[in-house]
Amino acid sequence: MNMITNHLPTAELQALDAAHHMHPFTDANGLATKGARIITRGKGVWLTDSEGNQIIDGMAGLWCVNIGYGRKSLAEVAARQMEELAYYNTFFQTTHVPAIALAAKIAELAPGDLNHVFFAGSGSEANDTNIRLVRRYWQVKGQPDKRVIIARKNGYHGSTMGGGSLGGMSPIHAHGGMIDGIVHVDQPYWWGEGADMTEDAFGLERAKQLEDKILELGVENVAAFIGEPIQGAGGVIVPPATYWPEIQRICDKYGILLIADEVITGFGRTGNWFGSETFGIRPHIMTIAKGLSSGYQPIGGSIVCDDVAAVVAEGGEFFHGYTYSGHPVAAAVALENLRVIQEEGIIDHVRNVAHPYLKERWDALTDHPLVGEAKLVGLMGSIALTPDKAKRAKFASESGTVGFKTRERCFANNLIMRHVGDRMIISPPLVITTAEIDVLIERAKKSLDESYAILKAEGLMVAKAD
Ligand SMILES: *Cc1c(COP(=O)(O)O)cnc(C)c1O
């Protein structure tokens, strides 16, 4: 099938792109030499590139296109809203119908007393809001010293200065530094860091680092803890079952605010509306974005519990907001996206059809000589590549060398599967059918076979010495 529509030849587009377009998280030198892949269309779980290739999108864009590409009703809602009221702000005692309706809908879907929504344009902005919100909360309560936020190494919370500082990724910190008052504890990554411990014991040990850190800093200085229910960009790290209950216990014990960054895990990804439900977490604040609009419009936000909203309100005006907070077109499109998820029973599809079908096949990838553990929660999965699975060994080559080579094979086979270090990760649209899962698995296996052959030929199937 050739779906190329009217545009310049690929090489010309690539040259213009390399000359004028600065890309996020991309080595610009590679753009000039290799050229970027140009995506032209999307339908369901399928993408078409400028050469007419049909690619299965195992990542739902960047973990966001939960309802799949090419939905007409979202386009229609956007067009109608632009005609009706293309823009108005929500500052200074003003509001509009799309923002009201979306906030009320999110409050209805969110668990517990998470009843208030502060809108942002993205997940990063929402986490910047959260930094200010939790510090403001303690100020109003007369404890202004409580301002340190504890986060995790290898967590991801966005790439604004605030979001990047909450995240625990040293390459991001290295480019421009960090804001103050944020500290990191170790991640609950058993396969990579658990040594001889059982998963359960390791989960408790990593959670206990939060308690140790609170005591070290003094509880009178700690505002909040933030974590993703499952680390996404860090490599789809699923914590041991003991981890979140212990984190919850510690936050309760010391009365610090708990922020669940649900930017990926929200809106059905884990088989529930929110990852906090999947893991039994009771956060004071949830960060949302991505699946909120399935990526059809840029929108994010913070869902805030009754207590935090009331205390911040008690303090009078909150000096914070974005021009596009609750943007009417984005809000209307997000609302339509939530209607689609709900009325089409997409979360039931994840739980009852797609997850069980994929899980059996995903777990079976551990039969492959290159694959150690396989993890899948809902439709968020990862496999660890290893030269020696019995020892959970890392490769002797620099981390990411093998993952990158494997990702290149996936691209060549028209499968989008990302690598984080030497883990391969997937997060397909939630509407993926069993037949499409078959295609995804078939292409993944072919790519693993090809990568394995290359690694053997290049002498890379070598374990790092302990
Ligand atoms: C993507 C992501 C963010 C940042 O969202 P942007 O919309 O890219 O700013 C924050 N937190 C998590 C967990 C994410 O995956």
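The expected span of a helix is 1.5 Å times one less than its number of residues, and helices (H or I, at least four residues) and strands (E, at least two) are DSSP runs numbered from the N terminus. The model shown is predicted, so local features need pLDDT of at least 70 and side-chain atom pairs count only at pLDDT 80 or more, while totals for chains, interfaces and linings use all residues. Residues are numbered from 1 along each chain as its sequence is written, and side-chain values use heavy atoms, with hydrogens and water left out.

**View 1. Helix α15 and its bend.** Helix α15 (residues 346-364) has 19 residues and spans 25 Å from its first C-alpha to its last, close to the 27 Å expected at 1.5 Å a residue. At Ala354 the helix α15 bends by about 40°, and Pro356 follows within four residues; the bend is the angle between axes fitted to the seven residues ending at a residue and the seven starting there. Among the buried residues of α15 are Ile346, His349, Ala354 and Trp362, where buried means under 20% relative accessible area, exposed over 50% and partly exposed in between (1.4 Å probe, protein chains only). The cover over the buried residues of α15 includes α14 (328-343), β11, β12, β15 (423-426) and α17 (434-457), contact meaning heavy atoms within 4.5 Å.

View 2. Strand β11 (residues 371-377) has 6 of its 7 residues buried, so β11 is largely enclosed by the rest of the structure. With strand β12 (residues 380-385), β11 pairs in the antiparallel sense over 5 bridges, given that two strands pair if DSSP finds at least two bridges between them. Val371 stands opposite Leu385 in β12, and in the hairpin, which has 2 residues between the strands, Gly378 takes a positive phi near 55°.

View 3. A search of the whole structure finds 9 aromatic pairs, in which rings of Phe, Tyr and Trp (its six-membered ring) have centres within 6.5 Å, with planes under 30 degrees apart counted as stacked, over 60 as edge-to-face and the rest as tilted. Tyr87 and Tyr324 form an edge-to-face pair, with 5.9 Å centre to centre and 85° between the planes. This pair links Tyr87, in the loop between α4 (72-85) and α5 (97-109), to Tyr324, in the loop between α13 (306-314) and α14, 237 residues apart. Tyr87 is partly exposed at 31% relative accessible area, whereas Tyr324 is exposed at 51%.
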